[in-house]
Amino acid sequence: MDLVVVELTGAYAIVAGTGGDLLRPDDIVSGQRPVDDTGRAADRLRRPPDATGFLAQLLGLPALTAGTGAGLDWSPIESELGVTLPGDYKTFIDAYGAGVLDDHVHVCAPNAEHDSADLMYNNAYAQECLRPEFAGPEGPSGDWHLGDASRWSADRSDIPSWFQPGDNVILWGYTGHGDFLFWHVKPDIVPDEWPVVLKERGPCWERYGTGFSATLTGLLTGEIQSEYLSRLLGGPHTYGH
């Protein structure tokens, strides 16, 4: 047995080398962690404009006013994605554009000058990264919808229980550690109520139950505690390009 611990948390251990299968059952290498967001952060989900204004205030950005920002033509982007994007996200991007929050969370925008900030580029990359987890290492890759259950591995061991056939995820951001930040898109849920999910670079997910602005606001105020993000968002809070 020759092992090196790659990652260790209270929920799982990841090891590299030979003999790792002797130390843990297979179901520990992937997981999902719902986050308690039943307080004020969840309440703000019902008022996305309020959450967006408070988020801007926390980041020291100019106050949101009528006509703030140049505003994008969202129609081509939404047509390509096949959905209408949440209004709080569009309001934030129209006003402040793509940027980096607290030097760690990269918020993407359509038609960004660089691929590293472009919404469509990063969403396509993230979807391609997820397909082997949904279909299994020997499963099909290529351009297929993550909600197509006919492509999933038979045991769906790496697919979180809250993700159902027909669902999708759309990336709006990522972290300096390579974690992905998505909306969980459900056909029967309006865009302003899509919850945010975090897919860390390893096997685990966090699902917040709040939208774009309310999730970031909750993380910055400490109302939402993320095992992966909270320790890196301690302030002073900034948003830079």
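Predicted model: local features only at pLDDT ≥ 70, side-chain atom pairs only at ≥ 80, totals over all residues.

Residues are numbered from 1 along each chain as its sequence is written, and side-chain values use heavy atoms, with hydrogens and water left out.

**Stop 1: the core.** Select Tyr89, Trp172 and Trp183, the residues with the most contacts inside the largest nonpolar core, which has 57 residues. (A nonpolar core is a set of buried Ala, Val, Leu, Ile, Met, Phe, Trp, Tyr and Cys residues joined through side-chain atoms within 4.5 Å; buried means under 20% relative accessible area, with a 1.4 Å probe and protein chains only.) Now colour helix H5, residues 119-135, which gives this core its largest share, six residues. Helices (H or I, at least four residues) and strands (E, at least two) are DSSP runs, numbered from the N terminus.

Zoom in on Tyr89. Leaving aside residues up to four places away in sequence, Tyr89 touches (heavy atoms within 4.5 Å) Trp74, Val107, Cys108, Ala109, Pro110, Leu119, Trp172, Trp183 and Phe212.

**Stop 2: strand E6.** Select residues 168-175. Eight of the eight residues of E6 are buried, so the strand is largely enclosed by the rest of the structure. What pairs with E6? Strand E5 (residues 105-107) does, antiparallel, over three bridges, with His106 bridging to Tyr174. Strand E7 (residues 180-185) is also antiparallel to E6, over six bridges; look for Leu171 opposite Phe182. (Strands pair if DSSP finds at least two bridges between them.) Four residues separate E6 and E7 in their hairpin, and Gly178 in the turn has a positive phi of about 90 degrees.

**Stop 3: the largest pocket.** Show Ala98, Gly99, Ala112, Glu113 and Ala117, which lie nearest its centre among 23 lining residues. Helix H4 (87-96), strand E4 (99-101) and E5 each supply at least two residues of the lining. The lining divides into twelve nonpolar, nine polar and two charged residues.

**Stop 4: the second largest pocket.** Select Leu81, Asn123, Gln127, His145 and Asn168, nearest the centre of this pocket, which 13 residues line. The largest share of that lining, four residues, comes from H5.

For both pockets, the search ran on a 1 Å grid over the protein atoms alone, using a 1.4 Å probe: a pocket is an open set of points with protein on both sides within 12 Å along at least five of seven lines, and lining residues have an atom within 4 Å of a point.

Definitions and conventions. Buried < 20%, exposed > 50% of the residue type's maximum accessible area, 1.4 Å probe, protein only. Nonpolar A, V, L, I, M, F, W, Y, C, P; charged D, E, K, R; others polar.
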